[in-house]
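Student: I would like to check some structural labels against their cut-offs. Can we take them one by one?

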Amino acid sequence: DHPAADTAPAVSPRGDRIAFVSLRDENLEVYVMPVAGGTAVNVSRHAGYDFSPAWRDAETLTWVSDRAGRYDVFSLHLPS
């Protein structure tokens, strides 16, 4: 529950985490939090626009970013 706009939810394959895009830092960033509730963690942390989160598998999250001046896909391993 946050006043900033949250969009593009993606539930992990195990159903235990959700990734989403938010303007909480006044910039499009990808966040992950437990589905049951808890703290949302900014996992993309960059001045570029980060969006379109998708789970590759239960522990690997991907997203699109324009941080290099062009659109690229980034990924991050998020252990359980």
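Tutor: Ground rules come first. This is a predicted model, where local features need pLDDT of at least 70, side-chain atom pairs count only at pLDDT 80 or more, and totals for chains, interfaces and linings use all residues. Residues are numbered from 1 along each chain as its sequence is written, and side-chain values use heavy atoms, with hydrogens and water left out.

Student: What makes residues 6–11 strand S1?

Tutor: Strands are DSSP runs of E with at least two residues, numbered from the N terminus. Residues 6–11 form such a run, S1, and Ala8 lies in it.

Student: Why is Ala8 called partly exposed?

Tutor: Buried means under 20% relative accessible area, exposed means over 50%, and partly exposed is in between (1.4 Å probe, protein chains only). Ala8 has 35%, so it is partly exposed.

Student: Why does Ser52 count as partly exposed?

Tutor: Its relative accessibility is 41%.

Student: What does Thr60 touch?

Tutor: Contact means heavy atoms within 4.5 Å. By that rule Thr60 touches Ala54, Trp55, Ser75, Leu76 and His77, not counting residues up to four places away in sequence.

Student: What makes S5 and S7 edge strands?

Tutor: The sheet is open, with three strands in the order S5-S6-S7 and antiparallel pairing. S5 and S7 (72–77) each have a single partner strand, so one side of each is left without a neighbour in the sheet. The twist averages 25° from one strand to the next. Axes are lines fitted to C-alpha atoms, for helices over the stretch in contact, and angles run from 0 to 180 degrees between N-to-C directions.

Student: How do you know that S6 and S7 pair?

Tutor: They share six antiparallel bridges, and the rule asks for at least two, so S6 and S7 pair. Ser65 has Asp72 in S7 as its bridge partner. The hairpin of S6 and S7 has six residues between the strands, and Gly69 there takes a positive phi near 85°.

Student: Why is Ala68 called partly exposed?

Tutor: Ala68 has 43% relative accessibility, in between the limits, so the label is partly exposed. Ala68 lies in the loop between S6 and S7. Its C-alpha atom is separated by 7.9 Å from that of Gly48, 20 residues apart along the chain.

Student: What makes S1 and S4 edge strands?

Tutor: Four strands form an open antiparallel sheet in the order S1-S2-S3-S4. S1 and S4 (41–42) each have a single partner strand, so one side of each lacks a neighbour in the sheet. Four bridges join S1 to S2 (residues 17–22), running antiparallel. Within that pair, Ala10 stands opposite Ala19 in S2.
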